[in-house]
Amino acid sequence: MSENDAVANRLDEIADLLEAMDVDFKPRAYRRAADHIRELDRPVEQIATEGQDALEEIEGVGEAIAEKIIEYLETGSIEELEDLRESLPVEMSALTRVEGIGPKRVGMLYEALGIRTLDELAAAAEAGEIQTVPGFGEKSEQNILDHIPFARQAAKRHLLYVARSLADEILDEFAAIDAVDRCEVAGSIRRWLPTIGDVDILIATDVGGSLTTTIESLAFAAETIEAGDRKASYRTEEGIRVDFRFIEPSVFGAALQYFTGSKHHNVQVRQRAIDRGLKVNEYGVFTGTDERIAGETEESVYEVVDLPWMAPEIREGRGEIEAADAGALPTLLESSDMRGDLHVHSDWSDGSMSIADMVDAADTLGLEYLAITDHATGPGVVAGTGVEDAELLRQREEIDHANQSTDVTVLHGVEANIDAEGGISVSDAVLEELDIVIASPHAALTQDREQATERLLHAISHPQVNIIGHPTGRKLGQRPGLPIDIERVAKAAASQHVALEVNSHPVRLDLEGEAVKTVIEHGGTIAISTDAHVGHELELIRYGVHTARRGWAEPSNVLTAWTVEEVRSFID
DNA sequence: GCCGTTTTCGGCCCGACTGTTTTCAGTCG
């Protein structure tokens, strides 16, 4: 967890505790500050070194909160938070993770029954004590019993891949229902975030909540959380929450725009509407006299605030509105622009298919070129799976053979390892013989920012290296990866004609979108590849494409969208 | 506690759903 998250979590806890004590408005201020700190693009401790004034420049942070941030950074705790914890000694974040329990009810349960932990909450519910507390009843008690198991398995985010697959299945089911006009996924899935909290589905229909009986009969809806006329929520067997909105077809665009987000983007769009005397909500765009002037399509919503429609991937409040005003929105990369894959494994290392079968799979997908880049031996590569230097030279024959029987241009490469100091695990003499060289970090992934950055800079400076593979080595939900200074890495890579990879594997998505944007701003080149270990994984490229789109990538920024001749001239 | 081209004081997003309320509070997104 970054220091920003640590600070934000403490401010959120102050907010929750104050809210439990019935304090008005302050909680909102602390939450707002926490949100903005969580989304800062640099470490809050770095800002703090510039003084308290610099902290107060952060949106939502004033004198009092700035002082608390400094107190936390200097002493590791905040006195006011400690005092609040003393007067309400509850495990706030654990308890509020229970669906239907918020800070106020935590306060009520502590006052009435002295409940401090999930275990005590469970015990009280089992003993039938909850329903004796004013404001609670039998149903609240049963609800608590039902939801404690989910609260115990920490607030878990799901991989985009898992969520999108589920969403696609649900969309298929709804496409077959007569009363459904249109059905779209919204929220963070539509923006292609690497991980998502829940699945948001919008349904255009005139029959509203009567669809809930149909939904309840579908296999994914293991549990009904709520079911109303305008919205309904369910949980799958795997614990993924799926939220539905039932929308009148005539305002579907407004709802789609509203529920796609992000929050920051929508705040900016709403502000533009206010500046023009208009109001935007999920039901449309309205004039001062409440006349609806837009909403059937997303385009119509943007049009009345003088903006072009923009792709969901860039709706993050990272300058897209300003770019639109300046006429400088990117012409984003499309999946159909992709021509090749430059990071693929075979059974020479830890892949499960022969080179010929991987080439066949690439041919079927219409790829123009494919680089076979098996693992070299080295730190972080499972013993016995990496290819030794001599073996690598022998692999050439099989590559040449594959090239004779296909339209796909097969390049001979390697995925070498970057050791902790930035050295490359394959000898220069062997690298010379290859068409293309990827160098990736596989071990020593807990270095600090300086070490990690120097390490990559050293690897980039190696004359034979063409691509840095999964530059941070992160694995979603498993490890955060190297905390590199992406600006320095991007500058060095751009000046030395080394591409930085967007690894499309759903567990990696590395580099991620924001980093891609930095690379492109510094004139760098991105290589979107799959890291496929079996033929069907070549189809995962779309996750890399959409991740790159989150970084405003155009075809000209993406090595694997170029022709093979252009690629050869880049790597020469 | 924060913030300001309506304001340095007086506001703070809001709509939907559920449950326990007999008119609304708490939670959620």
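# A walk through a predicted protein–DNA model

At a relative accessibility of 64%, Phe25 is exposed, because exposed here means over 50%. Keep in mind as you look around that this model is predicted. Phe25 sits in the loop between H1 and H2, and its phi is near 70°, a positive value in a residue other than glycine. The loop has another residue worth a glance. Asp22, also in the loop between helix H1 (3–20) and H2, has a positive phi of about 70° although it is not a glycine. With a relative accessibility of 56%, Asp22 counts as exposed too.

From Gly261 to Ser262 the peptide bond is cis, with omega near -5°. You will find Ser262 in the loop that links helix H14 (252–260) and helix H15 (263–275). Asp510 and Leu511 are likewise joined by a cis peptide bond, where omega is about 5°. Leu511 belongs to the loop between strand S16 (499–503) and helix H23 (513–521).

Now let us turn to the DNA. Around DNA strand B there are 36 residues, of which Arg28, Gly62, Gly102, Gly137 and Arg230 come nearest. Of the atoms of DNA strand B that come within 4 Å of the protein, 84% are sugar and phosphate. Several phosphate oxygens can be followed one by one. In Tyr283 it is a polar side-chain atom that lies 2.6 Å from a phosphate oxygen.

Which elements give two or more residues to this surface near DNA strand B? They are the helices H2 (26–38), H5 (63–75), H8 (103–113) and H10 (138–152), together with the strands S5 (223–227) and S7 (241–247). H2 gives the most, with five residues. By type, the residues of the surface divide into 16 charged, twelve nonpolar and eight polar.

Strands S5 and S7 also take us into a sheet. Five strands form an open sheet in the order S2-S4-S7-S6-S5, with mixed pairing. Its edges are strand S2 (180–185) and S5, each of which pairs on one side only. On average, neighbouring strands are turned by 20° against each other, direction ignored.

Our last stop is Phe174, in helix H11 (residues 160–175). Is this residue buried or exposed? Phe174 has a relative accessible area of 0%, so it is buried. Leaving aside neighbours within four places in sequence, Phe174 is in contact with Val180, Cys183, Ile203, Ile215, Leu218 and Phe244. Phe174 and Thr214 are 40 residues apart in sequence, while their C-alpha atoms are 9.6 Å apart in space.

Key. Residues numbered from 1 in each chain as written. Chains lettered and ligands numbered in written order. Predicted model: local features only at pLDDT ≥ 70, side-chain atom pairs only at ≥ 80, totals over all residues. Heavy atoms only, no water. Helix = DSSP H or I, 4+ residues; strand = E, 2+ residues; numbered from the N terminus. Buried < 20%, exposed > 50% of the residue type's maximum accessible area, 1.4 Å probe, protein only. Contact = heavy atoms within 4.5 Å. Near = heavy atom within 4 Å. Polar contact = N/O pair within 3.5 Å; in protein donor to acceptor, adjacent residues only side chain to side chain. Nonpolar A, V, L, I, M, F, W, Y, C, P; charged D, E, K, R; others polar. Pairing = 2+ DSSP bridges. Axes fitted to C-alpha atoms, helices over the stretch in contact; angles between N-to-C directions.
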